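Biologist: Hi! Could you walk me through this model?
Modeller: Happy to, here it is.
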Amino acid sequence: MPRFRSHKVKHEHSIIDGLRPVLDRMAACPAVHAVIPGTIRPVRAPRQLSVTVQYPTDTGLRLLARTGSAVQEIFLVTDDPAGTRQWLEAQGLVEREAPPEEPPPEPAHPSRQVVVRFDHDCARCGRRIAAGSRAVRIGQPPAEQYVHVRCFRAPAPPDRGRPR
């Protein structure tokens with residue numbers, strides 16, 4: 001038996017608290033040839049121990065184990081990364097991958113902060129925006145409107161039905 005190995009798990013370096021039993025359970029997968037804990041980086045985030053699959057490598061899979069005080073890389077040597085990942089998920093050893101987040105919807109009127117070249121009236125408050133000052137351009141030419149930056153950031157006033 002090679003030095004620093006217990007079954008399929010390499011024990012040459014440190015392992016974060018609570019991870020050793022998880023590594024032993026990962027080694028029980030028939031497709032896994034070796035479990036190699038990697039580098040540990042300190043972090044500050046309150047959380048329980050969790051293991052996630054990051055990506056396939058040339059020799060298997062790269063995983064990350066996270067606790068409230070550290071993040072540790074884990075490398076699984078396997079011939080079947082997809083099958084190993086399914087087995088790990090079925091055993092509850094790694095968190096299932098969350099569906100990709102959808103990008104936020106495009107605003108109905110695209111806006112951009114600009115320096116106005118000519119005097120304009122603010123579309124929100126009606127006051128003058130002097131040439132050379134910053135404003136938010138809402139919409140696309142030729143139907144764009146200009147709004148003071150402070151008016152753009154503030155919530156819109158309720159419409160009271162009176163003209164300004």
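Modeller: First a term: pLDDT is the predictor's confidence in each residue, from 0 to 100. This is a predicted model, in which local features need pLDDT of at least 70, side-chain atom pairs count only at pLDDT 80 or more, and totals for chains, interfaces and linings use all residues. Residues are numbered from 1 along each chain as its sequence is written, and side-chain values use heavy atoms, leaving out hydrogens and water.
Biologist: Which elements have the lowest and highest mean pLDDT?
Modeller: Strand E1 (residues 5–6) is lowest at 62, and strand E9 (residues 128–129) is highest at 93. The protein chain averages 82, with 83% of the residues scoring at least 70.
Biologist: How should I treat places where pLDDT is low?
Modeller: Predicted coordinates there should not be read in detail.
Biologist: How many helices and strands are there?
Modeller: The protein chain has 3 helices and 11 strands. Those are DSSP runs, numbered from the N terminus: helices are H or I with at least four residues, strands are E with at least two.
Biologist: New topic: where does Tyr 146 lie?
Modeller: Tyr 146 is in strand E11, which covers residues 145–148.
Biologist: Is Tyr 146 buried or exposed?
Modeller: Tyr 146 is buried, because its relative accessible area is 14%; buried means under 20%, exposed over 50%, partly exposed in between (1.4 Å probe, protein chains only).
Biologist: And what does Tyr 146 touch?
Modeller: Leaving aside residues up to four places away in sequence, its contacts include Val 114, His 120, Cys 122 and Ile 129. Contact means heavy atoms within 4.5 Å.
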